[in-house]
Amino acid sequence: MHRAFQASTIQTTENMTNALSGETSPNRNITLPVTGMSCASCAGRVEKALRAVDGVAEANVNLATEQANVSFKPQATIEQLVQAIERAGYAVPAATIDLAIAGMSCASCVARVEKALRAVDGVEEVVVNLATERARVVAHGTREEALLAVASKAGYDARRITPETTQAPERDTQKWLLLASVLFTLPLMLPMLGAVFGTHWMLSGTWQWLLATPVQFVFGARFYRAGWKALVARTGNMDLLVALGTSAAYGLSIYQLLSAPSHMADLYFEASAAVITLVLLGKWLETRAKRQTTSAIRALQALRPETARVRKAATQLDVPLGQVHVDDIVIVRAGERIPVDGRIIEGSSHVDESLLTGESLPVFKAIGDTVIGGAINADGMIAIETTAVGTQTQLAHIIALVENAQAKKAPIQRLVDRVSAVFVPVVLALALLTLVGWGLAGGDWQRAILNAVAVLVIACPCALGLATPTAIMAGTGVAARRGILIKDAEALEIAHKLRVIAFDKTGTLTSGKPTLVAIESVAGRPEEALAIAAAIQSGSEHPLGLAVVQEAHRQGLALPAVSDLKVEAGRGIRAHVAGANILVGSSRWMQEFEVDLAPLRARAEQLQAEGRTVSWMASAAPQRLMALLAFGDEPRPEASAAIQVLRLRGITPVLVTGDHATSAASIAARLGIEEVRAEVLPADKAAIMAELRHRYGFVAMVGDGINDAPALAAADIGIAMGGGTDVAMQAAGITLMRNDPRLVNDAIDISQRTFQKIRQNLFWAFIYNIVGIPLAAAGLLNPVVAGAAMAFSSVSVVSNALLLGRWRGSAASDGGNKYEKGTSATRRGI
């Protein structure tokens, strides 16, 4: 997948240079970003590849800016240009463009917008979300203006997404239109109420017409506008169905009023007005419910303070958050939100990170500890050295992950898309058949029209369009509030199908903070061996290396100078110390250098049987064993319970580690894991994922380090622990914001519950139409009842999805919510 660039980095223009040369059609100029070029030869190769495309008039590549400027005729396409560059061995990053699309009312609208946007030259992928009323477009060289134009031509109000983009004015308009429509419709419904008490409350035909007309053409104008746009675009939507159905009932009433004014019982003004009012009510309730599905995003965005207190020399200044830079010193007082990611350099405090990580209790932070922007400084003043601002903060990454998950379509949505493409035309055909059938069969064209109206107004593509996205938004939102970030809908759909989960050991099932528990030297004092090992490991970020360095510092040892330091992934680290080539690493690496481990093998086996991780230090030339280093890393307190719950779910846990087989088996036995893959190199973990998939089915990998990234990417779902590296999180489909293995089960649980809601929603949406339309065609449904059923079908779908908000997960994830409630007053006061 291409790395997304801001849309502004790609430009396309039309020019008329052909007018000077006498050509009849204009050339297009486009600037494409190109990555992977390293020299002038690369630039020349890209230019040659572009000029070979039929229709390209000119191509110039700028190596410094990594851009290709191309002038081409209409017979060439952007897709052909991109393919030419990629065939030459280079990449063209795609731009991700988000648009707000107003005016969509059903799944048919979604299909129409996607089709229109996908037809634009250079567009690679389009996803339109009915629930959020947004479109995400991945494209090469496509201007945002071109996308806005085609969406508008398709009949919708498309605009750029800005921080001010909001639905509040629309919601207010909906409310007032609904209230007015109710006031005009209630008098028309009086006869139905009067019939209950045996009283005749029928209004005159003229009064019925006067009340129904504003409802039809003023309060219901949105249906005519949207329906007309659909007709112009040669398609259909829910608005067209409502407009046609209510117009038929209104038109029949006008005809009856003019031809037989005294027969008020044959007027159906109340039917047309009631249907419009009920649909407006349904849309208003639907909008309110849809807003609740985006509450997770709004809650996260609300964590960003607008200003920060920055220390400049001897003064403190309150500046807009956008003016804070990396390395600035930010002062945060008790009770205030931390505005940036950073490291504490002065003071200490308890920090509430519950809305970010789901951690139920404030965490004590002191000098040297990292803090996350958006968290609350509970009880002390601290000074923070800024390490990340803006889009680089952890909060921004969390928001981006949740937005991305809610923008994507789940694979199950493809069925809905296929149905939506033909839904409205099929309903129109059925309404026509109903009209003709009843009219010809019984000769009662009045009843035929009413039955056709019922068919039109009961059909509801809205419920189909909302069934999947609202459940996904609710599921990913409630998961995010409890420390589980789901990257996309596909990961959410697969999670509940998992049959085997592979766990990395260090930092995932264990604390990730090993300590050096033993050092045995072949010759000389152990302190000398420790000093040499610490000097070499001082250039490593590996947890075992850090444990060696910390122990040397604790003992106050002087470290010798090292040179030519080199890390061998999955094996160890080497360097020159006092002229000797020294190795520190695994048993396998020692065997590759033919180092004899016999002098300390018995001691190593004893330590490994206790669950210790053993490393060796040796001279490479001549091959001579120098020392043994043993590390202890205790299992996390929650790990055993997490494994037990997974086994109860029927999921097989597997331990995959680079550790020695004996040590790995000891840890696995303590946690209840029966299958172990030990002494595995990082490059081999991906192959193990393929093997597990073949044996069991869907496989997940849980890890936290750079060496886990290949396996995280190779698994059906990668799950990254929150304390892990950025590389691991980028490769994963799910990120756990806390180092708690129980969250793996919670991720599976919310996935299962979300897709239960999706299946329930789709079932009711399909059954509703499958049952309702035939009943209406058979004359068994009054148009008013049909309109009410249609109006509330979509509301019921969204409301059902919102029930996911009650999910609390296990003890691993519900505490954050409890603390959140307890501190809401504090946050409101900040």
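Author: Helices (H or I, at least four residues) and strands (E, at least two) are taken as DSSP runs, numbered from the N terminus. The model is a predicted one: local features need pLDDT of at least 70, side-chain atom pairs count only at pLDDT 80 or more, and totals for chains, interfaces and linings use all residues. Residues are numbered from 1 along each chain as its sequence is written, and side-chain values use heavy atoms, with hydrogens and water left out.

Of the 830 residues in the protein, 51% are buried, where buried means under 20% relative accessible area, exposed over 50% and partly exposed in between (1.4 Å probe, protein chains only). Contact means heavy atoms within 4.5 Å. Among contacts between residues at least 6 apart in sequence, 68% join residues at least 24 apart.

The part requested is the pairing of helix α16 (residues 445–458) with helix α29 (residues 742–777), which pack at an angle of about 165 degrees with their axes 8 Å apart. Axes here are lines fitted to C-alpha atoms, for helices over the stretch in contact, and angles run from 0 to 180 degrees between N-to-C directions. Angles under 35 degrees count as roughly parallel, over 145 as roughly antiparallel, 65 to 115 as roughly perpendicular and the rest as oblique. The two helices, α16 and α29, are therefore roughly antiparallel to each other.

From α16, the residues N451, A454, V455 and I458 meet Y768, N769, G772, I773, A776 and A777 of α29. Sorted by class, this contact of α16 with α29 has seven nonpolar, three polar and no charged residues. In that scheme Ala, Val, Leu, Ile, Met, Phe, Trp, Tyr, Cys and Pro count as nonpolar, Asp, Glu, Lys and Arg as charged, and the others, Gly among them, as polar.

A further helix, α10 (residues 238–259), holds G245. Leaving aside neighbours within four places in sequence, G245 is in contact with V453, L456 and V457. G245 and A452 are 207 residues apart in sequence and 7.5 Å apart in space, C-alpha to C-alpha. With 0% relative accessibility, G245 counts as buried.
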